[in-house]
Amino acid sequence: MSARQVELEGEVYYPPQEVIQQAVLKDWDALAEFAQRDLEGFWAKEAEELVWFQKWEKVLDASQAPFYKWFVGGKVNIAYNAVDRHLLTFRKNKLALIWEAEDGKSERTFSYYALNREVNRMANIIKSMGVGKGDRVTIYMGRIPEIVFAMLACAKIGAIHSVVFGGFSVDALQGRIADSESKLVITCDGAYQNGKLVELKRIVDEALKHCPTVENVIVVKRTGHDVPMESMRDHWYHDMCALPIANGKCPTEEMDAEDPLFILYTSGSTGKPKAILHTHGGYMVGTYATLKYVFDINDEDRFWCTADPGWITGHSYLVYGPFLNGATVFMFEGGPAYPYPNRWWQLIERFGITIFYTAPTAIRGLMRFGEAWPNKHDLSSLRLLGTVGEPINPEAWKWFYRVIGKERCPIMDTWWQTETGAFMITPTPVVPLKPGSGTRPFFGQVAEIVDEQGNPVPDGSEGYLVLTRPWPSMLRTIYKDPERYVSQYWSKYPGKYMTGDSARRDKDGYFWIIGRVDDVIKVSGHRLGTAEIESALITHPAVAESAAIGLPHEVKGQAIYCFVQLKPGFAPSEELGEELRQHVARHMGPIARPEEVRFIDKLPKTRSGKIMRRVLKARAQGLPEGDLSTLEE
């Protein structure tokens, strides 16, 4: 272990006394011990705090592992628990959602009563399109309240939603719609991003040329610019809202605990993104309990998770988790630094945000502008901070703690995945913190660091991170591909869930996540598969072969570098390099635009034809290339 690692592991920040006094959970050790001793008892106790139409017969069924089932026989609906049940309490008139436009010129607020009305309206409209239980609905929108209504409405009627991030381009959207065989797409005319118009409806039109299963498109008017509307297929949402069919209550579908709630596509180490499937019962209990304990949610809080609903963080901790806990959610359409780098700090001050949960990429980006911007604003409403999406480097952690939290606000550094559905390694507000460490596994979970053969490695050594106990919010399968589910997550170390991340554990039992071990690049916390990027490059007429790698980047965490072998008749040039960068962005979205494209005569490959990305990484950084004995020449 390096001297720097030893130094970091010994650096401990203790929670302020007032944080401990206010916390819902004061004794971490007692609850952790109970959950370890009685896993099913712990999760049953959490589930009992929610409303079930019919109670489960069995908490956990592991008889067909790794196809685990939770709350077997239970009847439930996550939308009922997120919205309807609050109408029977004092929360009926409490603010559920506060939304601010990117330009700051409009603001919308919804009480739980109003949220219920909007979800019913959206659900009635979706049902009128012939969508019912088990049908798939693709949602491709900007960050506006209607995306929340659409997700909850699908859940209410038992349809399976597939939210696609609004930054993805035609090919990515088309592939996800086709794979899910969606009947309905819900979109906007456009969205705003850093003052620019994003043509969402036109991207949908292009994608639907190759998606025969889609029967209808609902279009929410956000920007008001002219968009083509196809007769019989496309419907303005505001027109539908004016029809009698939209009004009145929509009955909530009673779902089995194991019925699918949503699929969400995540990049893997092979070309086709994986459709991760989550269910009503287990996902509900997992997101409810993790948010309750980790962010200590109470009724006075205003919770702001900056994630887009197109990612799992937006699903679990912008939409479902906070509403299940009856929280007031703040949602902002824009990004952190438009028009100025104080935009987020301005919003925290203006809306009295108490809990702020964001990505290390955003923190590193804002750090570059210095302390003057946040210091212009009163951030005293904050009581807890959080990070998500990638490991946070200690320097950024300390800046966040000191400059934004004023050394009063513990940072909940959470490690989890699209597949886990909820926090897996995380502190709670009463736990001592080490900058850069995700602390310990959540209650009931056991994590191990193992070597290639699956043997535990000594504390302080790097290895593969695995989870050894099932949990309610775990993915149930990969949609339509159960064999890939088993081979991807459960085959390397039978009985243990393979996370795909490397990590180490220190002598205090704290976990330090290092990064991905598979061919996935994390750019600004977003997972992008190397195979998808390479597939996009290969569609360019000049490209014979390509390889994509991730290299360290001080703001994004990782940046994409591409190595390209050209076809005969094409010559390397700066202009062609730029053209290829734009080509990838067009096919996959701006998030996937490579930092650099380098031309190469021949890609280093093994004799079996596998591209040796570690050699390319070493070359790009001027490091030793290591053992080259397996190279084909």
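Is helix 16 mostly covered or mostly uncovered, and how many of its 11 residues are buried? Helix 16 is mostly covered, with 8 of its 11 residues buried, where buried denotes under 20% relative accessible area, exposed over 50% and partly exposed in between (1.4 Å probe, protein chains only). The model is predicted, so that local features need pLDDT of at least 70 and side-chain atom pairs count only at pLDDT 80 or more, while totals for chains, interfaces and linings use all residues. Residues are numbered from 1 along each chain as its sequence is written, and side-chain values use heavy atoms, with hydrogens and water left out.

The buried residues of helix 16 are P394, A396, W397, W399, F400, Y401, V403 and I404. Helices (H or I, at least four residues) and strands (E, at least two) are DSSP runs, numbered from the N terminus. In an α-helix there are 3.6 residues a turn, so residues three or four places apart point the same way. After helix 16 comes K406, with a positive phi near 50 degrees.

An open sheet is formed by 7 strands in the order 5-4-17-16-18-19-20, with mixed pairing; two strands are taken to pair if DSSP finds at least two bridges between them. Strand 5 (107-111) and strand 20 (411-413) stand at the edges, and each has a single partner strand, so one side of each lacks a neighbour in the sheet. On average, neighbouring strands of this sheet are turned by 15 degrees against each other, direction ignored. Helix 16 (residues 394-404) packs on the sheet and touches strand 18 (355-358), strand 19 (384-387) and strand 20, contact being defined as heavy atoms within 4.5 Å. The direction of helix 16 makes about 155 degrees with that of strand 19. For such angles, axes are lines fitted to C-alpha atoms, for helices over the stretch in contact, and values run from 0 to 180 degrees between N-to-C directions.

Within this sheet, strand 17 (residues 328-332) pairs with strand 4 (residues 95-100) in the parallel sense over 4 bridges. Residue L97 stands opposite V329 in strand 17, and M331 is the bridge partner of W99. Strand 16 (residues 302-305) also pairs with strand 17 in the parallel sense, over 3 bridges, and here F303 has V329 as its bridge partner. Strand 17 is largely enclosed by the rest of the structure, because 5 of its 5 residues are buried. In a regular strand the side chains alternate between the two faces of the sheet. In strand 17, T328, F330 and F332 point one way, whereas V329 and M331 point the other way, and all are buried.

Two further buried positions were examined. T361 lies in helix 14 (residues 360-367) and counts as buried because its relative accessibility is 9%. Residues up to four places away in sequence aside, T361 touches E390, S524, G525, V555 and K556. I139, in strand 6 (residues 136-140), counts as buried at 0% relative accessibility. With residues up to four places away in sequence again not counted, I139 touches I147, A150, M151, C154, H161, S162, V163, V164 and I186. The C-alpha atoms of I139 and E390 are separated by 25 Å, and the two residues lie 251 residues apart along the chain.

On a 1 Å grid over the protein atoms alone, a cavity is a set of points where a 1.4 Å probe fits but cannot get out, whereas a pocket is an open set with protein on both sides within 12 Å along at least five of seven lines; lining residues have an atom within 4 Å of a point. Grid points are joined across faces, edges and corners, and a volume is the space filled by probe spheres set on the points. The structure holds 3 cavities of 30 Å³ or more. The largest cavity contains about 70 Å³ of space, and of the 13 residues that line it, W43, M424, F442, F443 and W471 are the closest to its centre. Its lining has 9 nonpolar, 4 polar and no charged residues, with Ala, Val, Leu, Ile, Met, Phe, Trp, Tyr, Cys and Pro counted as nonpolar, Asp, Glu, Lys and Arg as charged, and the others, Gly among them, as polar. The second largest cavity has a volume of about 40 Å³, and its lining divides into 7 nonpolar, 1 polar and 1 charged residues.
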